[in-house]
Amino acid sequence: MNALDIRGLTLRLPATARPVLDGVDLTVGAGETVALVGESGSGKTLTSRSALGLRPAGSTADGSVRVAGTEVLGAGPAVLRALRSRTAAMIYQDPRAATNPLRRIGDFLTESVLLTGALDRAAADRRAAELLDAVGLDASVLDRYPGQVSGGMLQRVVIAAALMGDPALLLADEPTTALDVTTQAEVVALLDGLRRRYGTGLLFVTHDLGLAAAISDRVYVMYAGRIAETAPAAALFDRPRHPYTAALLAATPRIDAPAGRLAAIEGQPPDLRAELTGCPFAARCPLADDRCRTEAPRPRPAPGAADHLTACHHAERLEGSAANV
Amino acid sequence: MSAVLTRRPVLSRLRAGRAPLQAVCLAVVALVVLAAVLAPWLAPADPNAVDLGSALAGPGAGHPLGVDAAGRDTLARLLIGARTSLLGPLGVVVFSTVGGIAVGAAAAWRGGWLDSLLSRSTELVFAFPGMLLAVLVVAVAGEGLLAPVVALAVAYLPYVSRLTRALVLTERERPYVAAHRVQGQSAAQILLRHVLPNIAPVVLAQSAVNFGYALMDLAGLSFLGLGVPALTPDWGRMVFDGQSAVQHGYPLSAVLPCVAIVLTVVAFNVVGERWADHVSGRNR
Amino acid sequence: MSETPAGAAVLEVSGLCRSFGPVTAVDRVGFSLPAGGSLGIVGESGSGKTTTARIVVGLDRADAGTVTVRGRERTAAVRGRAARLARAREVQMVFQDPYLSLDPRIGVGAALRETLRLHFPGRDHEGRVRELLDQVGLGTRAADALPRQLSGGQRQRVAIARALAVEPAVVVLDEAVAALDVSVQAQVLNLLADIRAETGIGYLFITHDLGVVRCVTDQVVVMRSGRIVESGPTATVLADPRHAYTRLLLESVPHRGWDPERIAAARRAL
């Protein structure tokens with residue numbers, strides 16, 4: 001059973017001309033690390049939040065979102081409470097915003113499982129101690145307040161708190177963006193170790209292609225509310241078949257590239273207030289023709305690779321252009 | 001933005017959460033202001049013309065809202081009285097706003113000993129009841145609107161200066177202030193051109209709330225017979241004049257100005273609070 | 001624009017120290033930026049890179065040490081309008097968050113005109129505003145827009161235009177592209193490279209991103225806990241780091257075959 005199974009998720013907001021999410025298909029297998037890459041406004045955060053049954057006020061959703069086999073779309077409050085306290089957990093970008101500065105870290109860890117009655121006091125304390133050890137902190141932080149520990153330590157606490165209910169699915173929304181690069185490595189190493197140890201499916205939402213390549217088994221690239229391309233990490237970065245993926249790779253400043261101008265993508269992502277006909281990337285794409293502007297491309301598999309899907313009419317023309325990460 | 005207006009306990013329970021209340025209050029404010037401005041043309045009679053024959057008459061053809069014990073038309077006195085009743089609070093609000101912004105901005109921007117000095121002295125004023133101050137000043141200065149207005153302006157200044165100080169302290173940490181310093185602007189230029197215009201809406205909302213309170217305080221003073229000269233039509237004065245008629249079983253000439261005062265105070269309170277909510281929501 | 005002969009240092013920083021209570025934020029920091037050059041300061045949070053930048057632009061004062069631009073010392077407190085404006089024409093700054101560093105009430109054109117009136121009273125401001133907007137790749141229509149009506153990338157272009165309006169010798173860019181999306185970031189980095197080539201303005205680039213450093217700087221200074229641990233030409237430092245901390249920073253950048261476990265161990269060992 002997959003940890004997360006999203007099928008044809010379409011999300012509409014009031015006063016927008018096009019859906020903010022348009023037919024998103026995404027799966028995270030048990031114990032698998034999947035990266036969801038996109039720029040701001042691409043819909044990557046909306047997609048990950050939908051797995052917790054969190055939707056913007058006034059939105060309407062179609063499709064299906066299943067977490068460990070349970071349908072989340074349209075589920076009642078009792079199902080959602082059970083889902084959020086046990087089956088799925090989320091780690092946010094800013095650990096300071098995710099913790100209450102006036103509550104001890106120990107209380108923060110055990111609060112959710114105690115409130116829902118998932119564990120009793122003694123079991124909750126045991127689990128908290130075990131997880132703190134797993135994230136490399138000693139039990140002395142239990143009595144401290146969030147303001148008394150560093151950002152990196154607090155993010156470990158938040159990760160430990162997310163694992164308290166032994167979730168099948170862990171959603172990490174830019175969990176390392178607010179951290180220093182060396183701390184980022186630690187947090188990533190930690191997440192990876194915990195995923196292996198507890199068999200948790202991990203959906204890692206990020207804007208950083210390099211990070212996605214480094215840590216994930218499979219990658220989804222989102223653009224304007226649609227999945228542009230999905231493939232195993234190595235295939236996606238070696239042989240991108242979507243012009244947007246290729247352009248994003250070329251636009252990323254890298255330490256091993258020669259100094260000088262970057263291959264910038266001109267223009268802006270499409271506005272939510274404007275209707276979209278055809279491919280959302282057409283206006284910025286060097287390969288775009290009349291067909292791209294009128295007919296939205298459906299995801300198609302690459303020859304001989306059923307798990308490499310690309311929503312582009314001209315995917316074949318990108319074959320052979322390689323980008324290394 | 002930390003836009004916490006200072007409101008009195010009872011009125012602060014009134015929250016303009018629902019749109020109709022907000023609309024009604026806005027309409028009341030507009031109506032009262034309009035009535036005050038157009039009073040000389042709207043008033044059916046001279047507010048001081050005495051018609052003893054129809055004293056204590058109920059509403060009728062010649063006098064839509066009746067006649068008070070001294071034989072004066074109640075509607076005319078209400079309308080003309082709106083001018084005095086609004087002009088006083090306006091003076092209080094203008095003085096206290098200008099003074100409060102100056103004091104609060106100087107304290108927050110300069111900091112150090114100036115901040116301590118200004119904050120302590122305004123707190124001292126805050127601790128002293130405004131009404132008592134006004135009564136003292138009127139007792140010394142004698143009859144007239146100016147003395148109570150100035151006294152209340154001083155009493156209301158801390159409301160504005162405390163809010164301004166808090167807002168300026170938050171605002172000066174924003175990167176745009178640093179950006180303008182790097183650009184070579186002087187502290188005064190940044191304060192006047194950028195910081196004050198950005199906090200002005202919230203401060204003005206506090207002043208709108210203050211307007212209602214000042215109206216209530218001034219009406220209270222006139223009711224005590226302080227401030228407004230005896231013959232000047234004024235809502236507080238009208239309540240005072242009407243109380244003997246209440247004992248004769250004629251409440252109309254005292255109740256109507258009371259209603260006018262309460263409605264106006266509540267309306268300004270709600271409008272000011274809603275305005276503050278609106279602008280602080282927009283800024284974030 | 002530059003009164004400094006090519007090759008000579010336009011910005012000289014030496015022996016800079018700054019403490020906040022018991023914490024030494026900047027400890028004997030020194031570097032020099034050649035005219036028309038681009039120098040990166042790299043470090044993590046707490047490395048002192050931001051404090052150094054704030055001292056250079058004059059938003060903070062050093063306990064000891066000197067900052068010299070075009071041979072003029074700018075460490076002492078400034079007095080008077082003329083001195084203040086002269087300081088501003090030495091060093092300008094572009095901040096990380098382009099939304100917060102613009103006055104939300106003031107339109108793009110008005111913000112630029114305000115700066116121009118301050119520094120160049122009596123010149124043709126309308127023409128210069130058009131020129132500046134054109135230089136940063138914004139249409140003339142953007143002049144009427146308020147900051148909130150612009151995208152992040154467009155706002156940062158406005159902030160760059162405002163810095164250029166003063167015609168400074170040096171621009172300090174404090175994480176100026178960190179908040180931007182990759183595709184927009186590339187546009188802004190290219191723009192910055194073009195502006196430097198056209199005008200010969202010197203850049204002091206404060207960043208945590210080594211990829212950005214590689215892309216836009218000639219020289220780099222690596223800071224840790226308030227001190228400089230390594231400095232030199234960017235290509236050399238990135239290709240052949242001498243200090244263990246620089247190596248750790250480089251290895252921390254995610255790439256294929258990345259081993260976060262090993263980096264975490266190296267970090268603890270350092």
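Modeller: Just after α4(A), A:G117 takes a positive phi of about 75°. Helices (H or I, at least four residues) and strands (E, at least two) are DSSP runs, numbered from the N terminus. This is a predicted model, in which local features need pLDDT of at least 70, side-chain atom pairs count only at pLDDT 80 or more, and totals for chains, interfaces and linings use all residues. Residues are numbered from 1 along each chain as its sequence is written, while chains are lettered from A and ligands numbered from 1 in the order in which they are written.

A residue is called buried if 20 or more other C-beta atoms lie within 10 Å of its own, exposed if 12 or fewer, and partly exposed in between, with C-beta atoms placed from the backbone.

Two strands count as paired if DSSP finds at least two bridges between them. Strand β6(A), residues 88-91, pairs with β7(A) in the parallel sense over four bridges, and A:A89 has A:L170 of β7(A) as its bridge partner. β7(A) also pairs with strand β8(A), residues 201-206, in the parallel sense, here over five bridges. In that pairing, A:D173 has A:V205 of β8(A) as its bridge partner. Between β7(A) and β8(A) the chain passes through helix α7(A), residues 181-198, in a right-handed β-α-β crossover. Right-handed means that, with the strands pointing away from the viewer, the path from the first strand over the helix to the second runs clockwise.

An open sheet in chain A has four strands in the order β2-β1-β4-β5, with antiparallel pairing. Its edge strands are β2 (21-28) and β5 (70-71) of chain A, each of which pairs on one side only. β5(A) is joined to strand β4(A), residues 60-67, by two antiparallel bridges, and A:V67 stands opposite A:T70 in β5(A).

Beyond its own fold, chain A meets chain C: 31 residues of chain A are in contact with 34 residues of chain C. Two residues are in contact if their C-beta atoms, placed from the backbone, lie within 7 Å. On the chain C side, α6 (182-199), α7 (210-216), α8, α9 (244-252) and α10 (260-269) each supply at least two residues. α6(C) gives the most to this side, with seven residues. By class, the side of chain C that touches chain A has 18 nonpolar, ten polar and six charged residues. Here Ala, Val, Leu, Ile, Met, Phe, Trp, Tyr, Cys and Pro count as nonpolar, Asp, Glu, Lys and Arg as charged, and the others, Gly among them, as polar.

Chain C is itself divided into domain 1 (9-239) and domain 2 (240-270), with bounds that come from an automatic or database domain assignment. The centres of these two domains of chain C, taken over C-alpha atoms, are 29 Å apart. Ten residues of domain 1 and nine residues of domain 2 of chain C form the contact between them. On the domain 1 side, β9 (219-224), β10 (227-233) and α8 (234-239) of chain C each contribute at least two residues, and α8(C) gives the most, with four residues. Chain C averages a pLDDT of 90, and 97% of the residues score at least 70, where pLDDT is the predictor's confidence in each residue, from 0 to 100.

Chain C also touches chain B, through 20 residues of chain C and 14 residues of chain B. α6 (175-182) and α7 (187-223) of chain B each supply at least two residues of the chain B side, and α6(B) has the largest share, six residues. Chain B has nine helices and zero strands, and 45% of its 284 residues are buried. For the model, the scores are ipTM 0.87 and pTM 0.83.
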